[in-house]
Amino acid sequence: MGRPSREVTILGAGIIGVCCALTLLERGFKVRVIDRLPPGEATSYGNAGVISPYSIVPQCTPGVWKNVPAWLLDPKGPVKLQWRHLPQVIPWVIRFLRNTTPERVDEISASMALLMRDNVDAFRHHLRGTGHESLIVDAMNITVFRGSARPDRNDLQFRLREEIGCEIAFIHGDELRDLEPALSPDYTAAALIKGQARTVNPGKLTKVLAEKAARLGAEFKQAEMKALHPQPDGSVTITTEEGALRTEKLILAGGIWSAELLKPLGYKLPLMAERGYHLEFKDPGIQINNSIADASAKVIASSMSDGVRIAGTAEFASIAAAPNFKRADVLEPLAKRLFPGLKTATLSKWMGIRPSFPDNLPAIGALDRFPNIIAAFGHSHYGLGMAPGTARLVAEELVGGQNQDLSGLSASRFTR
């Protein structure tokens, strides 16, 4: 068996692609990264910043279907569908619902745990020597409950986490107020997920890590990808707006656009454009010490380096659809409900596209028909937390030493 190729091109300069670049550089690869935007400018820019080895609870949980009709009919609810896209969404929803059995949820959660493993330590390792180590801070994820609602230790979300060693505490009243003084007294109970961290600037985190990768020898090229052309010798030609490039190995880490590039190669993957929104209040007048998740509203709020960010909502629409910032506007009253003292006069709005498969897992690994094209996309709500783990699995596959069964993450799982 010949020596594995040491030349790799990564399509996508988001957090997945940048972590792949750093990990492969450490393994001695020659790395080139191509994206139409600078690093950290797309979906990686606007997430809630949570980095947790315990983010292992998928969206497709048993019984979730009962909530969908009410969510869709509520204009301020956590899920929105542009009805003209219903014919494209229905097949995806059917697949999604097939993954809501207890058995499938346990399997999906186990795969998520593999990808989330040691993510806090991995990010700190990558940040070492950049001078920006403070971009990651220790913080709990605090799920808060309003009025008479209370967390139930037997809930699936807590059981799955405790089974892999997560420490969870349940508190109420003054204990909660001591942790988060800015929180409204209407929130009377909480579940504390310990042993995790958050980044205070997800976009800057990606840029800082990209700068480190460049210092270590990675080439970054800004170009629009047009098409992929596998060659008889196994190499891949990438057509860009500036011409053609050849690579021995190609890693697809371009989120929703990765699936578009694979369509002409015969891969029709059920990757949905699930758009998320955030508001960021630039002069908030309050400080949030941890990541705060509202149990009923399905939003997360955190203090960032530039203000307080509240993120959430899911909107199913086409890739090319213009942002619907009414979805962002619904976040402001939710933020004020959580934090009555929050100043909202100066704010910014953002929309990003989460690439979501119906089982909430990404596609990772070599394509069955084109083994020199490696999938690393489709991370849904979990891209930040799964980035180091994805990079680890991709690197192990490229060096030929991986001993993990990745069949549950293969892109071909949707064609079996």
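This report walks through a few helices of a predicted model.

Residues are numbered from 1 along each chain as its sequence is written. As the model is predicted, local features need pLDDT of at least 70, and side-chain atom pairs count only at pLDDT 80 or more.

Let us start with a pair of helices (DSSP runs of H or I, at least four residues, numbered from the N terminus). The axes of α4 and α6, lines fitted to C-alpha atoms over the stretch in contact, come within 11 Å and cross at roughly 45°. That makes α4 oblique to α6, oblique being what is left once angles under 35 degrees (roughly parallel), over 145 (roughly antiparallel) and 65 to 115 (roughly perpendicular) are set aside. The crossing is right-handed, meaning that the near helix is turned clockwise from the far one by less than a right angle. Contact here means heavy atoms within 4.5 Å, and the table lists the residues that make it.

| Helix | Range | Contact residues |
|---|---|---|
| α4 | residues 102-116 | Val105, Asp106 and Ser109 |
| α6 | residues 156-163 | Leu156, Arg159 and Leu160 |

Glycine 129 follows α5 and has a positive phi, near 85°.

Finally, glutamate 175 sits in helix α7 (residues 174-179). Its relative accessible area is 45%, so glutamate 175 is partly exposed, a class between 20% and 50%. Its C-alpha atom is separated by 9.0 Å from that of alanine 189, 14 residues apart along the chain.

Key:
Side-chain values use heavy atoms; hydrogens and water are left out. Helices (H or I, at least four residues) and strands (E, at least two) are DSSP runs, numbered from the N terminus. Buried means under 20% relative accessible area, exposed over 50%, partly exposed in between (1.4 Å probe, protein chains only). Axes are lines fitted to C-alpha atoms, for helices over the stretch in contact, and angles run from 0 to 180 degrees between N-to-C directions.
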